[in-house]
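These are my notebook entries on what I looked up in one structure. They are set down in the order in which I went through it.

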Amino acid sequence: MQKRVTFRHLTLPYLFILPQLAITIVFFIWPAGEAIYQSLLRQDAFGLNTRFVGFENFERLFADPLYIDTLWRTLGFSVSVTLLSMLSALLFAVMADHVIRGATTYKTLLIWPYAVAPAIAGVLWWFLFNPSVGILAYLLQGLGYDWNPFLDGDDAMILVVIASAWKQVSYNFLFFLAGLQAIPRSLIEAAAIDGAGPVKRFWSIVFPLLSPTTFFLLVVNVVYAFFDTFGTIHATTSGGPGQSTTTLIYKVFNDGFIGLNYGSSAAQSVVLMIIVIGLTVVQFRYIERRVHY
Amino acid sequence: MVENRPFFTFVAHFVLLLGVAIVVLPLWLAFVASTHEPSALITGLMPLIPGDRLVENYELVLGEGVAASGAIPVWKMLFNSLVMALCIAIGKIAISLISAYAIVYFRFPFRTFCFWIIFITLMLPVEVRIVPTFEVVSSLNMLNSFAGLSVPLIASATATFLFRQFFLTVPDELVEAARIDGAGPWRFFQDILLPLSRTNIAALFVILFIYGWNQYLWPLLITTDQSFTTIVMGIQRMVTVADAEPQWHVVMATAVLAVLPPLAVVLGMQRLFVKGLVETEK
């Protein structure tokens, strides 16, 4: 898309675009290039010698069972967070779209978690599920379940999934509600006159018409679960116990800043970049085509 | 509502109340915990209504902080967060306004090239290239400074993209009229385009302020000096105390303080917030 009418000036456009271009090159292009370059190098144990190793870092990475485990764990984590937050948000949005009395109040209360930082969301749930002081842990123990996210990897995973999904519910809720309110009332009324009940109407009219929103949210939520949940995990379980809550992004951080294994960390960054670019391309292609039935 | 189904309406209210409970409960309990003395919290069955230590606890946190762990008082963390969030929000809006203006309203050599360089960054969140970005910032001597905290986060194309989309919907007749009246590009930008973008700027500001305030990984890496601790990362240092139970009343008071400013922004400017959210993403 282009403007028909434009201005002509020799220096002004360059002056205007310069700040953003400079920052982009210094803080995006350069580091990204550096990551790709370093992923092809290997340092010795003392950091004295660096040599070019080609794709060896990548080969080692994918031969490493720990990395493959992390990959699968991240996938499971993302799918759980996405499903949990999207399904509950859809449920709340459909209900909020139905009620007349109090709809605005419900909406105002349901968007609170958006303001909460992922790390803080983690700390709040960490507190509730803390085996010695948390009230939810107390209830679980009362039910006879031996809840301890400090020792049990599955418990720790459940904790970070709940905290991450909780934070994302408000975002999904707002988009689903906007999508629902954009559906023409006349379609729903016509179906009701033809004798379709609420459940039938939801599956054969509302849900298909909501599919562009759903698809968009699917991609956004997967990206969120991959990258933005670092704070949630780092502030609570620190990737543990053992490796049980270490996701891909946590591993990049851990190997790069704690383990100081730059070659491997850079190779992991490159893998993540490829995943993000893939997701973005998928999103753009489908949004162009519009998911519809 | 299409037809009157009292039972379904009842179910809807029930589900929504449940949802509100799940959403608000952690925040409410955090507030409750922050108003009790530490001994009330270690029994496992915590109280559900606020205690009487509200003033004392918040005074302690804001004024002194957890001095034992060498941390700075929380009011300073709040100040750091505020500066960082404002720098990110204002910087991003300023930079992207003018670059979107250049891209939309001018023809110049390498325009498409510049466009793609900027828009490729839409794809790469900071987290992905965290190690090399850290190295770049440290080689520029920007560790432990507000510039280092905010400038690398300013560079992202979302805001530019939003303004570009908006500028494309501004009618061409406005430019023609302005030119007939003898206005140059700067005058047009200042007197016509900026006032037209006011709502968009405000909506974007709300989103970017929250984005900046809630940053975690980046400040954690580049501030080794305690005096630059922001509140969101400050909490992490309070929770992970070695070999001891964290002082939960202090932690929760800090959490409440960390949530309040962005929450006030979201609730106070709800309409702008929803607009900004839906438009930046689509």
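Entry 1: I began with Arg187(B), which is exposed at a relative accessible area of 52%. For these labels I took buried as under 20% relative accessible area, exposed as over 50% and partly exposed as in between, with a 1.4 Å probe and protein chains only. Asp191(B) counts as partly exposed, at 41% relative accessibility. I found that Arg187(B) and Asp191(B) form a salt bridge, their closest N and O atoms lying 2.8 Å apart. The term requires a side-chain nitrogen of Lys or Arg within 4 Å of a carboxyl oxygen of Asp or Glu. Both residues belong to helix α9 (residues 185–196) of chain B; because they are four residues apart there, about one helical turn separates them. I noted the general rule that an α-helix has 3.6 residues a turn, so residues three or four places apart point the same way.

Entry 2: conventions. The model is predicted, so I noted that local features need pLDDT of at least 70 and side-chain atom pairs pLDDT 80 or more, while totals for chains, interfaces and linings use all residues. Residues are numbered from 1 along each chain as its sequence is written, chains are lettered from A and ligands numbered from 1 in the order in which they are written, and side-chain values use heavy atoms, with hydrogens and water left out. Helices are DSSP runs (H or I, at least four residues), numbered from the N terminus.

Arg185(A) is partly exposed at 37%, whereas Asp97(A) is buried at 19%.

Entry 3: I then examined helix α1 (residues 12–38) of chain A against helix α5 (residues 130–139) of chain B; they pack at about 120°, with axes 8 Å apart. Axes are lines fitted to C-alpha atoms, for helices over the stretch in contact, and angles run from 0 to 180 degrees between N-to-C directions. The angle makes α1(A) oblique to α5(B), a label for what is left after under 35 degrees (roughly parallel), over 145 (roughly antiparallel) and 65 to 115 (roughly perpendicular). Among the residues that meet are Trp30(A) and Glu34(A) from α1(A) and Pro132(B) and Val136(B) from α5(B). Contact here means heavy atoms within 4.5 Å.

Entry 4: a covered helix. Is Ser81(B) buried or exposed? I found Ser81(B) buried, at 0% relative accessibility, in helix α3 (residues 74–105) of chain B. Leaving aside residues up to four places away in sequence, Ser81(B) touches Trp213(B), Thr230(B), Ile231(B) and Val232(B). Helix α12 (residues 231–239) of chain B is mostly covered, with eight of its nine residues buried. Ile231(B) and Val232(B) are among those buried residues. The buried residues of α12(B) pack against helices of both chains, including α5 (118–128) of chain A and α3 of chain B.

Technical notes. Helix = DSSP H or I, 4+ residues; strand = E, 2+ residues; numbered from the N terminus.
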